[in-house]
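Subject: The structure we talked about

Hi,

Here is the structure I promised to pass on to you. Have a look at it first, and then read on for what turned up when I went through it.

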Amino acid sequence: MRTRGIRAAATAAMLLGFTLPAASSAHAQPPGMPMLNVQPSGTNKCATPQGNSTANGTRITLWTCTGSDLQNWIWRGDRIVHETSGKCLTPEGDRIYSNGAVLTLWPCTGAESQDFDQSVSDFFREIKTSHSNKCLTNYGGNLGNGTWVTLWTCAGGEPAEQNWHLEL
């Protein structure tokens, strides 16, 4: 019975474009809450709190993926939760309707500014706010370490800085 459940989970993950972690993963994962790395497609950059801080209001930046727990996020309902801090991905000042709003860590409050979902097609995956047409966008299309992760009007997979990969 357990093997059938694992196979079903693996099949679902493949259909969604995810890869399942090895059974020997160092992370303890609650059932149904896989760890994920949020990263622009085709890069080795991960969404990372600036300076590895977990303080309220810490801006989220791109940084070379290191495998650190500080780069792990969890989908919890319609929230993207930072594993280490337990805080939600939140636009600075709750500005979900503003182009250029920098994403930060903030306690999960249930505010609509913390609601995210995905738009997936054969060619791209957008991560967007649930209540506006704003997508995660690396500022200025830059991929350098320290680049802010912001919100910008979704453009249907183009430009490439709105095409994200969720790696389990």
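This is a predicted model: local features need pLDDT of at least 70, side-chain atom pairs count only at pLDDT 80 or more; totals for chains, interfaces and linings use all residues.

**The disulfides**

The torsion about the S-S bond of Cys88 and Cys108 is about 105 degrees, so this disulfide is right-handed. Cys88 sits in strand β6 (residues 88-91) and Cys108 in the loop between β7 and β8 (116-120), so the bond ties together parts of the chain that are 20 residues apart in sequence. The two sulfur atoms are 2.0 Å apart.

How many disulfides does a search of the whole structure find? There are three. Another of them joins Cys46 to Cys65, with an S to S distance of 2.0 Å. Cys46 belongs to strand β2 (residues 45-49) and Cys65 to the loop between β3 and β4, so here the pair ties together parts 19 residues apart in sequence. This link is right-handed, with 105 degrees about the S-S bond. Cys46 is buried at 0% relative accessibility, and Cys65 counts as buried too, at 17%, because the cut-off for buried is under 20%.

Then there is the pair Cys135 and Cys154, whose sulfur atoms are 2.0 Å apart. It links distant parts of the chain, with Cys135 in strand β10 and Cys154 in the loop between β11 and β12 (164-167), 19 residues apart. The link of Cys135 and Cys154 is right-handed, with 105 degrees about its S-S bond. Cys135 is buried, with a relative accessible area of 0%, and Cys154 counts as buried at 12% relative accessibility.

If you count the bonded cysteines along the chain, the disulfides follow the pattern 1-2, 3-4, 5-6.

**The fold as a whole**

Now for the wider view. The protein has one helix and twelve strands, and reading along the sequence gives α-β-β-β-β-β-β-β-β-β-β-β-β. Of its 168 residues, 39% count as buried. The protein exposes about 8500 Å², and carbon and sulfur atoms supply 55% of that area. Among contacts between residues at least 6 apart in sequence, 54% join residues at least 24 apart.

**Strand β10 and its partner**

β10 pairs with β11 in the antiparallel sense, over five bridges. Within that pairing, Trp152 in β11 is the bridge partner of Cys135.

**The nonpolar core**

Which residues have the most contacts inside the largest nonpolar core? They are Ile60, Leu89, Leu103, Phe116 and Leu136, in a core of 16 residues. The elements that give two or more residues to this core are β3 (60-64), β4 (73-76), β7 (103-106) and β11 (149-153). As background, nonpolar side chains in soluble globular proteins tend to be buried together.

Leaving aside neighbours within four places in sequence, Leu89 is in contact with Ile60, Trp73, Ile80, Leu103, Thr104, Ser113, Gln114, Phe116 and Leu136.

**A look at Lys128**

Lys128 is in strand β9 (residues 125-129). Is Lys128 buried or partly exposed? It counts as partly exposed, because its relative accessibility is 21% and buried means under 20%. Lys128 and Asp117 are eleven residues apart in sequence, and their C-alpha atoms are 5.6 Å apart in space. Beyond its neighbours within four places in sequence, Lys128 is in contact with Asp115, Phe116, Asp117, Ser119, Asn133, Lys134, Cys135 and Cys154. That list includes Cys135 and Cys154, the two cysteines that form a disulfide with each other. It also includes Phe116, one of the residues with the most contacts inside the largest nonpolar core.

Best wishes

Note on methods:
Residues are numbered from 1 along each chain as its sequence is written. Side-chain values use heavy atoms; hydrogens and water are left out. A nonpolar core is a set of buried Ala, Val, Leu, Ile, Met, Phe, Trp, Tyr and Cys residues joined through side-chain atoms within 4.5 Å. Buried means under 20% relative accessible area, exposed over 50%, partly exposed in between (1.4 Å probe, protein chains only). Helices (H or I, at least four residues) and strands (E, at least two) are DSSP runs, numbered from the N terminus. Contact means heavy atoms within 4.5 Å. Accessible areas come from the Shrake-Rupley method with a 1.4 Å probe; for residues, only the protein chains shown count as cover. Two strands pair if DSSP finds at least two bridges between them. A disulfide is a pair of cysteine sulfur atoms within 2.5 Å.
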